[in-house]
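Please open the model in your viewer and keep the selection panel at hand. The tour goes from one stop to the next, saying what to select and what is found there.

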Amino acid sequence: MRIRFEKRDYRSKRIAILVPIISLLVSFLLGAIVLGFSHANPLQTYGAMIKGAFGSQMKLQYTLVKAIPLLLCGLSVGIAFRLKFWNIGAEGQYVGGVIGITWVMQFWTFLPEALLLPVGIIVGVLTGALLGGIPGVLKAQWSVDETLTTLMMNYIIIGYAEYLYINAWKAPLGNMGTVPYPKVAWLPKIWGRVHAGIFFALALVVILWFVLYKTRWGFELNMIGKNQRAAQCQGVSIKKNIILAMLLSGAIAGLAGVIDSAAVTHQLTKGVDAGYGFTGIIIAWMSGLNPFVSIIISIIMAALETGTDALQMKLGLPSAMGEVLQGLILIPLLAGNIFIEYRVLFIRSHKELSV
Amino acid sequence: MSEFTTDETPVVRMVNITKHFPGVLANDQVDLTLHKGEVLALLGENGAGKSTLMNMLVGLYQPDSGEIYVKGSLADIKSPQDSMALGVGMIHQEFMLVGNMSVAENIVLGMKDLPFVPPMIEIRKKITDLSKRYGLQVHPDKIIQDLSVGEQQRVEILKLLYRGADILILDEPTAVLTPGEARDLNEILKKMLAEGKSAIFITHKMDEVMEFSHSVQVLRRGKSVSVCPTKSIKRVQDLANMMVGRDILFSLERGPYSPGEVRVEAQDLTVLPIGGGKPVLDNVSLTIQGGEILGIAGVAGNGQQQLTEALTGLLKVNSGKIFLNGKNMTNKTPLQIIKNGVSHIPADRGRMGVVGDMSVGDNLAMKKYRTNELSVHSVIKRGWVRKFAERLIEAFTIKTPNQDTSVKFLSGGNIQKTILAREIDSCGGILIAVYPSRGLDVGATEAVRQNLIKQRDKGNAVLLVSEELEELLMVADKIAVIFEGRIMDILDAKEATTEKLGMLMAGVEKEGV
């Protein structure tokens, strides 16, 4: 008996829905095995996680607050991925956004107070765009590999941010972190901890969906991503679009940073590189680059984080177990994609044929 | 071809072979018999099941039912290694050679009983002996990527002979050869037959069947529809009809030749390869008038690709000028050239012509989505696109379940029709078609050619790059022959003959004319 993969000649909707569900079940099963090794009751653990993420209004708010930057980073990465441009620099572009808004809040004191927040948002977004644009230009002009440039730029930007909050921009008191932004320039809360950033994120989902699926530019990005050479033959400029898409991608990652710092941290300090940019890669991938699906995925990802926090507190499991479970949930989901593209054949050997 | 004896047991017997693929019955109870010293031509349109049948003989696929006998005994062939052990070897359309290794290295590569340090002196000697015996001239120390396509094919044949194959399967072996090289291949085959080898020859070209084979088996939609000795065939037309199952036109309707104003003018185009070396386009000049089809003949890789890419803006020229529809379009972007009325049917339809993962409708809209016909203020009107696609699908008889089907699921012929529909619909006076009928079956080829002629009759200028001389002689008004980046000569299609073109394609200057 041999197992063979054969490419499907059409994609069925049933399979596309079934595969993620089965993958999720496999994930929970794998997780249960690992939990079993640590003598924890899997059902109890999963229950605690769900409770920890959605169990009360406050917990739900925590989850949503985390989901906002995740959603924005997922959208950011998703745009680049449409072009098969592997932007793994959203983390750095996010931090760049925070640096941008912090710069305005700290030093643009000549501005009237009411303008601090809008100008800060704009400068932060532009910083992100610039940081995304650099690898875009390098790729478009000299075909420099974007995975390397975007990854490396993360280290540069995060390192620079560290220099700023430990050294150059450090508040007079304490040993790290800038002076908090003036209260008038904070992004307002709308429901408990949930802040107005959620409107930015949801509006962006709608705008991006429209741009990507309804406009000429979206059509061009789709062509480039699916067959660059054919797009070129149809007169679509690859260079221009790579640079544009990366500017936009960086700008949205920058916006994620701007919003989170204007609404939650109110300063540039340790922990600014919280990994939202990297999780954004997973979100973009799992959502199939669809902005609306990204909403659901980013809430799930946020819930995984807040839920595992509860594990430590409630069940006394080590915090690393949370990350283990996250990984176990992701691998089958990502690997499951192969069953959407391929079918599995079991071939019996032809032994019985021999004379 | 010489006679062979039929009294022995057949060397290959395939009985009642059936093979399903998802949604397709690729082979339906097919029988096939090959005798020692015989060349069997396996004729059929694309998708008739020829390659599938042969792939089962060499173990790349397993039949769902049916039996295969090799040299009299039932064979269980699960892999190409199994078939090689039985002496059956196949040369695929795409050669399986390692470009930066030598001929000798390629020939022994992957052999299981090879010692850790291969005895290269012995190997080389054996190769030289084999090539002398069969007239397969290739030097064992040459590097593959320095060889011509014809020579690479000889390496593939040597590879099989070296491993002791005596039943050779050739999948459309002449598709990549010049007429001269094809004749050489015929000689090689004859020598191999004289040594007691046999061959199966996959093709969809009638003249090859007549020239190369002893017997011919026709497949149509997975079924074997006829087996007969080649000699018994009176008219080529009969074979063609058997293959498609209906009468096909061998001559195309065309209006009188009445060229108008010059639409394409290339002056001294020169393109140098990256990193230097011999120019890939060397002072190429040509003009095409409206209402005229200029054919470009030449063996693939002699600058056709660079010429068409330069004309469509995909490749920058180092010197020379290009005028399209009267405007200087030298080194302009593809978009500027498209907007100046140039349509392009590219050589590699899957890689350059369509976006396989996008729908038929979207692929049809890929030129006009940016115009007011399909969008308003950069927002694409989906309803308009649907109607537009519906109209083209009908006008060009594109066979597709619906316009939302991904293009990659269509057959080669229908993919090409999709491209043709898009490019002809958006054509503004100039149509550049590169190998437009390559790999298509008779029906689709006919549609492609008829459409090109329709464009000419409408007063458009058509550039047709083709490797099939019959096509050029049938379709073009003038034929330019390109060799090593130079235009050897431009002939009137009425005066051109296969022989004349063949000589020019091989780089032989015209004699005293």
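**A sheet in chain B**

Begin in chain B by selecting its open sheet of six strands, whose order is S16-S19-S20-S13-S21-S22, with mixed pairing. At its edges lie strand S16 (342–345) and strand S22 (486–492) of chain B, each of which pairs on one side only, and from one strand to the next the twist averages 15°. Strands here are DSSP runs of E with at least two residues, helices are runs of H or I with at least four, and both are numbered from the N terminus; two strands pair if DSSP finds at least two bridges between them.

This is a predicted model, in which local features need pLDDT of at least 70 and side-chain atom pairs count only at pLDDT 80 or more, while totals for chains, interfaces and linings use all residues. Residues are numbered from 1 along each chain as its sequence is written, and chains are lettered from A and ligands numbered from 1 in the order in which they are written.

Next, select residues 430–434 and 461–466 of chain B, which are strands S19 and S20, running parallel and joined by five bridges; within this pair, Ala433(B) stands opposite Leu464(B).

**Where the chains meet**

Now show both chains: the contact takes 29 residues from chain B and 23 residues from chain A, two residues being in contact if their C-beta atoms, placed from the backbone, lie within 7 Å. On the chain B side, helix H10 (334–339), helix H11 (349–353) and strand S18 (379–380) each supply at least two residues.

**Chain A**

Move on to chain A, which has 14 helices and four strands. Its radius of gyration, taken over C-alpha atoms, is 23 Å, close to the 20 Å that the globule rule (2.2 Å times the number of residues to the power 0.38) gives for 355 residues, so chain A is as compact as a globular protein of that length.

Select helix H7 (residues 197–214) and helix H12 (residues 291–315) of chain A, which pack at an angle of about 145° with their axes 8 Å apart. Val205(A), Leu208(A) and Trp209(A) in H7(A) meet residues of H12(A), among them Phe292(A) and Ile295(A).

Finally, colour chain A by pLDDT, the predictor's confidence in each residue, from 0 to 100: the mean is 88, and 94% of the residues reach 70 or more, whereas over residues 350–355 of chain A the pLDDT is below 50.

Technical notes. Axes are lines fitted to C-alpha atoms, for helices over the stretch in contact, and angles run from 0 to 180 degrees between N-to-C directions.
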